[in-house]
Number of protein chains: 2
Amino acid sequence: MAVKNKNKVRVIPLGGLGEIGKNITAIEYDDEIIVIDCGLAFPDAEMYGVDLVIPDITYLLNNKEKVKGFFLTHGHEDHIGALPYVLKEINVPVYGARLTLGLVKSKLEEHNMLSNCTLNEVKLGEEVKTERFKVEFIRTCHSISDACALAIRTPEGVIVHTGDFKIDYTPIDGKVINLQRFAKLGNQRVLLLMADSTNVERPGYTVSERVIGENLTKIFSHAKGRVIVASFASNINRIQQIINSSLFYGRKVAFSGRSMEKISTIAMELGYMELPKDQLISVDDIDKYPSDKVTIITTGSQGEPMAALSRIAYSNHKKISIAKGDLIIISASPIPGNEKLISKLIDELFKKGAEVIYNALEEVHVSGHACQEELKLMHTLIKPKFFMPVHGEYRHLRRHSLLAEDLGMDSKNIFVLETGQVLELTRNSAKKAAKVTCGGVMIDGLGIGDVGNIVLRDRKHLSQDGILTVVVTIDKASFTILSGPDIITRGFVYMKESGDLISAAREVVKVEIDKCLESKVKDWFTIKSNIRYSLGGFLYNKTRRRPIILPVIMEI
Amino acid sequence: MAVKNKNKVRVIPLGGLGEIGKNITAIEYDDEIIVIDCGLAFPDAEMYGVDLVIPDITYLLNNKEKVKGFFLTHGHEDHIGALPYVLKEINVPVYGARLTLGLVKSKLEEHNMLSNCTLNEVKLGEEVKTERFKVEFIRTCHSISDACALAIRTPEGVIVHTGDFKIDYTPIDGKVINLQRFAKLGNQRVLLLMADSTNVERPGYTVSERVIGENLTKIFSHAKGRVIVASFASNINRIQQIINSSLFYGRKVAFSGRSMEKISTIAMELGYMELPKDQLISVDDIDKYPSDKVTIITTGSQGEPMAALSRIAYSNHKKISIAKGDLIIISASPIPGNEKLISKLIDELFKKGAEVIYNALEEVHVSGHACQEELKLMHTLIKPKFFMPVHGEYRHLRRHSLLAEDLGMDSKNIFVLETGQVLELTRNSAKKAAKVTCGGVMIDGLGIGDVGNIVLRDRKHLSQDGILTVVVTIDKASFTILSGPDIITRGFVYMKESGDLISAAREVVKVEIDKCLESKVKDWFTIKSNIRYSLGGFLYNKTRRRPIILPVIMEI
């Protein structure tokens with residue numbers, strides 16, 4: 001195996017292809033592996049009760065001694081969120097920009113593992129060397145500060161990974177994407193480009209973040225009461241603009257929501273956000289100021305039921321409640337799947353008498369990802385020999401490959417891969433190689449991977465039709481029923497209103513057991529499956545539902 | 001009560017306000033009630049296992065002898081879908097246009113109740129008279145043929161209900177919205193306008209359906225293999241345009257999916273759709289023609305797992321499978337909540353080698369609802385004294401009321417109501433009156449209303465953390481454990497991998513029961529709640545999950 005792969009660069013995506021989130025890619029050369037990002041994914045609607053999904057890192061564990069470090073493009077959850085779980089298994093150094101590491105640090109602290117981990121801050125423009133690789137961090141622009149692309153020098157050529165990016169000529173922090181550097185790399189020779197595909201369906205350019213700030217200031221000018229703005233806590237430039245609009249109108253600023261409080265503190269400590277101390281107030285003190293002198297910046301822009309804005313809307317927040325005249329701005333757009341939650345939240349806020357502004361009405365949010373024209377610029381600057389679209393559903397990857405073809409690239413040099421599929425590169429060639437183990441590990445509470453497909457299938461089934469437990473005690477010696485059958489249901493029908501149905505069901509079970517006992521069927525397994533079959537048929541007939549039936553036989 | 005409400009027109013929305021779907025509004029005057037529409041709603045994400053929701057018609061049942069008929073604005077499910085359930089309780093005549101009744105008829109046939117029902121076809125422009133009311137059907141335009149507004153003459157004045165509508169100056173069937181009639185009504189005197197609010201957030205005009213046809217023909221011109229188009233079966237004009245594009249390129253047409261087959265048959269029988277007999281082919285025969293001579297029109301544009309397009313994509317369709325070169329057009333936009341399903345479906349189609357065109361890429365769908373400028377036109381033509389926005393979430397109703405204010409209406413004359421809230425009108429006045437019973441009745445399988453909040457709460461809980469059943473047999477006389485405790489779980493953890501946890505849990509239960517028995521606690525209720533408490537605490541500690549715990553004590 002080691003001989004077979006010698007002198008080849010192997011690009012091994014362990015997540016992030018054909019899916020949104022869980023971004024992690026290993027780059028292997030002989031005896032070394034470096035890993036780009038280590039993100040989590042949020043569960044989809046079928047993953048009942050699951051909190052998070054992290055990548056399956058079996059491949060890294062099987063090659064543990066090779067792994068030299070994690071190199072982070074930016075500090076979003078889908079790029080750093082799995083680190084606390086993964087570093088427990090492979091404790092190697094982590095490299096990233098200042099803010100990115102600030103966010104990782106706070107995450108590791110929460111998991112009580114910071115002291116065991118090695119975090120190495122890299123200045124943008126600098127290079128990290130391992131035996132086989134040189135990794136250069138290049139400034140880009142995204143919806144979080146300190147986003148980078150990585151230029152990875154391998155023995156066979158340079159790989160450029162854009163990370164998540166967009167091109168903003170007028171960023172809030174003045175730190176413009178380093179297009180010169182990409183141009184220079186393109187002038188030399190780039191073996192492989194891996195580029196963000198999230199917004200490839202959108203024509204044109206992404207609007208500058210600065211425009212949102214101007215719109216916010218305009219909206220603030222009409223506000224007569226409090227302004228409550230919900231946004232992503234990690235979008236520090238957005239938060240800065242909300243702060244700026246607030247200060248411009250003499251409003252004090254309060255932060256609400258755990259991640260908003262946490263990230264704003266980190267951002268201010270590290271110098272990424274500016275808010276004069278005397279302009280920052282606690283949520284406890286908001287009532288001490290006239291309502292037109294207060295801005296509250298909060299979490300919950302996705303309608304998450306436990307986040308601050310939902311708690312405020314549904315009157316479950318201890319310190320903030322909606323007053324007539326409040327102006328709510330939802331400075332975010334819905335992540336697919338959250339549309340209904342957000343819609344309900346907006347309705348509730350309206351009903352409580354607030355005015356609500358959201359992206360359907362005014363431009364109060366802009367994406368962090370490059371649209372088609374920006375992608376074309378990046379491709380044209382970098383002029384790679386090979387191209388592999390990353391970060392996106394399969395259709396985004398497909399579209400991105402078509403965009404590259406439109407720019408004149410040979411389709412043979414474009415590789416739309418799936419997670420787990422390996423791309424093997426030499427100085428002059430690229431080809432798909434055998435797949436490696438990959439997938440998602442579901443986190444539910446403290447359990448890592450103990451919820452699998454069987455549990456999920458049961459949870460889905462339970463959610464649709466509920467469960468009937470049938471309990472009976474049987475005397476082993478005389479082979480007669482001592483007690484029961486009793487039937488208890490959850491999630492099936494409301495017991496009080498369906499006593500007749502349950503009585504009839506009990507009779508069905510009784511007849512079935514008697515039949516078994518009479519014909520001397522003595523193995524519980526057969527009796528149980530007979531109960532399941534008869535009772536299942538009876539219930540389906542009566543209700544057209546198929547609850548889980550759980551027969552329990554107690555023998556004495 | 002009867003005296004109190006005398007000589008007043010009472011508008012009683014029993015559904016459709018502050019929600020999408022379940023449209024039904026009663027209009028009452030003294031001893032008569034007429035009902036506009038009788039729709040269903042689809043369950044939201046929290047309604048686990050529920051198939052449909054129909055309106056609670058307690059108010060109509062309590063005033064059964066007054067109800068004179070149902071008057072239907074058009075044939076969409078959210079306007080006619082509850083009829084089979086409601087007519088079983090109140091069998092009064094149903095009035096509607098030709099196509100609308102054609103769809104109702106097929107629905108009643110499925111429920112085996114057609115022969116007991118009275119369906120009265122009304123020609124557009126005609127009037128139906130009851131003792132107290134005259135109901136005129138006025139042609140509008142919507143995403144289904146034969147959509148109408150209703151002008152209801154009451155003893156106190158005219159009420160105009162727009163139904164769902166948009167303004168299309170170039171409709172496919174040539175039947176233009178009767179703006180003259182609305183203008184004339186406005187010239188006389190309209191007491192109350194009730195108007196569709198669905199698209200009030202969108203500026204400008206809705207594009208004409210005809211544009212979609214032109215785009216489809218353009219797209220068809222590039223197709224080298226089969227074309228498979230998914231759309232809403234009831235959008236007959238859209239289907240007609242897909243047929244037209246197909247015939248233009250010499251393609252035969254096949255229909256796939258139950259509702260597509262059903263509705264296209266009805267539409268052709270009633271003369272609403274034209275397709276020469278020799279151009280219609282069965283899905284069984286598609287392989288007999290060259291692939292560039294076949295179009296398949298199918299259901300499943302919302303990614304519904306059981307609809308034809310999903311079955312085709314996931315290789316579960318008996319007769320159609322995706323071939324390389326197939327062009328799929330999803331001629332619909334996602335209904336909120338379906339985004340993820342559709343996205344997965346598109347990915348799957350791409351993966352199978354098809355080309356997929358959807359609304360994010362090309363204009364292949366247009367809404368059936370009026371945007372802001374169209375709404376302004378309707379308000380301006382009708383010039384009502386009072387206005388009540390209908391059909392929409394609360395924020396849509398709110399926005400629509402602001403639009404009316406912008407047009408110069410006095411905010412005192414605008415009524416944003418909730419479902420169940422009554423508006424009482426006389427010739428010169430309008431005011432909110434006491435609420436009536438309203439709500440949703442959930443249909444799950446054959447059960448109508450037997451799934452309530454407790455069952456739903458349990459289903460949700462089950463779906464998140466699963467269930468643990470604890471069974472123990474106790475000897476009543478000696479007060480000792482005879483058998484158990486046994487623990488069986490579903491949806492909690494995968495049993496085989498968590499034997500230790502379950503053994504430990506069993507021990508916790510045993511200790512708890514022994515404690516109870518020793519201290520002579522003899523009521524099962526207390527013992528059960530002690531088990532729940534101790535075991536719940538133990539499991540939360542170990543897993544951070546809170547499964548439903550179901551203790552069962554069998555006594556002998």
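This is a short tour of a predicted two-chain model, with something to select at each stop.

**Before you start.** Residues are numbered from 1 along each chain as its sequence is written, and chains are lettered from A and ligands numbered from 1 in the order in which they are written. Because the model is predicted, local features need pLDDT of at least 70 and side-chain atom pairs count only at pLDDT 80 or more, while totals for chains, interfaces and linings use all residues; side-chain values use heavy atoms, with hydrogens and water left out.

**Stop 1: chain A.** Colour chain A by domain, using bounds from an automatic or database domain assignment. You will have domain 1 (9–204 + 367–448), domain 2 (209–357) and domain 3 (466–555). From domain 1 to domain 3 of chain A, the C-alpha centres are 54 Å apart.

**Stop 2: the interface.** Select the residues where the chains are in contact, meaning heavy atoms within 4.5 Å. Here 68 residues of chain B meet 69 residues of chain A. About 5800 Å² is buried between the chains, 58% of it from carbon and sulfur atoms; this is the accessible area (1.4 Å probe) that the two parts lose on being put together, summed over both. Highlight R395(B), R490(B) and M554(B), which supply 10% of the area that chain B buries against chain A, more than any other three residues.

**Stop 3: a salt bridge.** Zoom in on D44(A) and K344(B), whose side chains form a salt bridge (3.7 Å, N to O). The rule, a side-chain nitrogen of Lys or Arg within 4 Å of a carboxyl oxygen of Asp or Glu, finds ten across this interface.

**Stop 4: N530(B).** Finish in helix 15 of chain B (residues 524–543), where N530(B) lies; helices are DSSP runs of H or I, at least four residues, numbered from the N terminus. Leaving aside residues up to four places away in sequence, N530(B) touches E512(B) and C516(B).

Technical notes:
Helices (H or I, at least four residues) and strands (E, at least two) are DSSP runs, numbered from the N terminus.
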